[in-house]
Structures are given as structure tokens and as C-alpha cells.
Amino acid sequence: MSRTLRILIIIGLFGLLILVRAFGTKIFYDPFILYFKNDYLDTSIPDYEGLKLWVSIFFRYVLNAIISLAIIYVAFQKRGLVRFSVKFYVAAFGVLGILYFILLQFEMINGHLFAFYVRRFLIHPIFVLILLPAFYYQKKLVRAR
């Protein structure tokens, strides 16, 4: 695959991530979007349906992860990096998902900011912005040897 084609595909995939973000409020159930946009320090957490929220966050995370994995594959064309990334995404969802719902069960008594950022890692494709430079740096280190 030519370098130009790979760059165009990666731009298109990032465009898909932007579309997921743009239409996220219409597609996915998340009562905390408005909560965190407003003055959340002075109000109690909104009522939410736990299972519906979990399923919605799970599907949004999986959708973002699939697109992110495609970006990683197109950028580096190494299945080993994709396998590592899949394991990373699964482990991250396990840890962050459990942590987020524990925070919700205790109504964020230790602070709203921590729950806000855990939620952000779950619903936004932040990990691809961490993994891409890390893999690029690793590739440069291997070439330098």
C-alpha cells in the first residue's frame, strides 16, 4: 500500500472518530453529558439506568476501539502491534469500566473530576493518541539499533 493511500485512509478513519463524537449524543445513552457540561459541582448526579448506560458506554468504546485499531494497523501494518493494542483496549475497558461504575454507585463522593476523566477515557478515543506516538517511537528506536 502506498504511503499516500495509507495517509488518506488514516485521515478517513480519524474522520470516522470525529463522526462518532459528533453524533454521540444522538446515538448513545449518556445522561452525564449534560451533567458535566453544566454546574455539576452544585447538583447531585442525575438519575440513570445502569444497564442501559453500561451497554451504551461499551458499544461506544468498542466502536472507537475498532476504528483506532484500524488506524494503528494502517499506520504500521504489523499484526503484533494490533494484537498488543487489542489486549490493551480490553484491559483498559475492564479497569476503567469497573472503576467508573464503582464511582457512580458511590455517587462520586470523592470528587466529580476523577469520574469525569475516567468517563472521558471510556467514551473518547484517547488511547489511539497515546499508542500511535508510542509505536512510532518504538519503530524509530528499533531502526536506530
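Modeller: The chain has 7 helices and 0 strands, where helices (H or I, at least four residues) and strands (E, at least two) are DSSP runs numbered from the N terminus. This is a predicted model, so local features need pLDDT of at least 70, side-chain atom pairs count only at pLDDT 80 or more, and totals for chains, interfaces and linings use all residues. Residues are numbered from 1 along each chain as its sequence is written, and side-chain values use heavy atoms, with hydrogens and water left out.

Now for the crossing. Helix H5 covers residues 79-105 and helix H7 covers residues 126-144; their axes come within 12 Å and cross at roughly 145 degrees. Those axes are lines fitted to C-alpha atoms over the stretch in contact, with angles running from 0 to 180 degrees between N-to-C directions. On the H5 side, Leu-81, Phe-84, Ser-85, Phe-88, Tyr-89, Ala-92 and Leu-96 make the contact, and H7 answers with Phe-127, Val-128, Leu-131, Phe-135 and Gln-138. Contact here means heavy atoms within 4.5 Å.

Stepping back to the whole chain, among contacts between residues at least 6 apart in sequence, 72% join residues at least 24 apart. Buried residues make up 37% of the 145 residues, buried being under 20% relative accessible area (1.4 Å probe, protein chains only). As for overall dimensions, the C-alpha atoms fill a box of roughly 55 × 30 × 25 Å, taken along the principal axes.

Terms used
Buried < 20%, exposed > 50% of the residue type's maximum accessible area, 1.4 Å probe, protein only.
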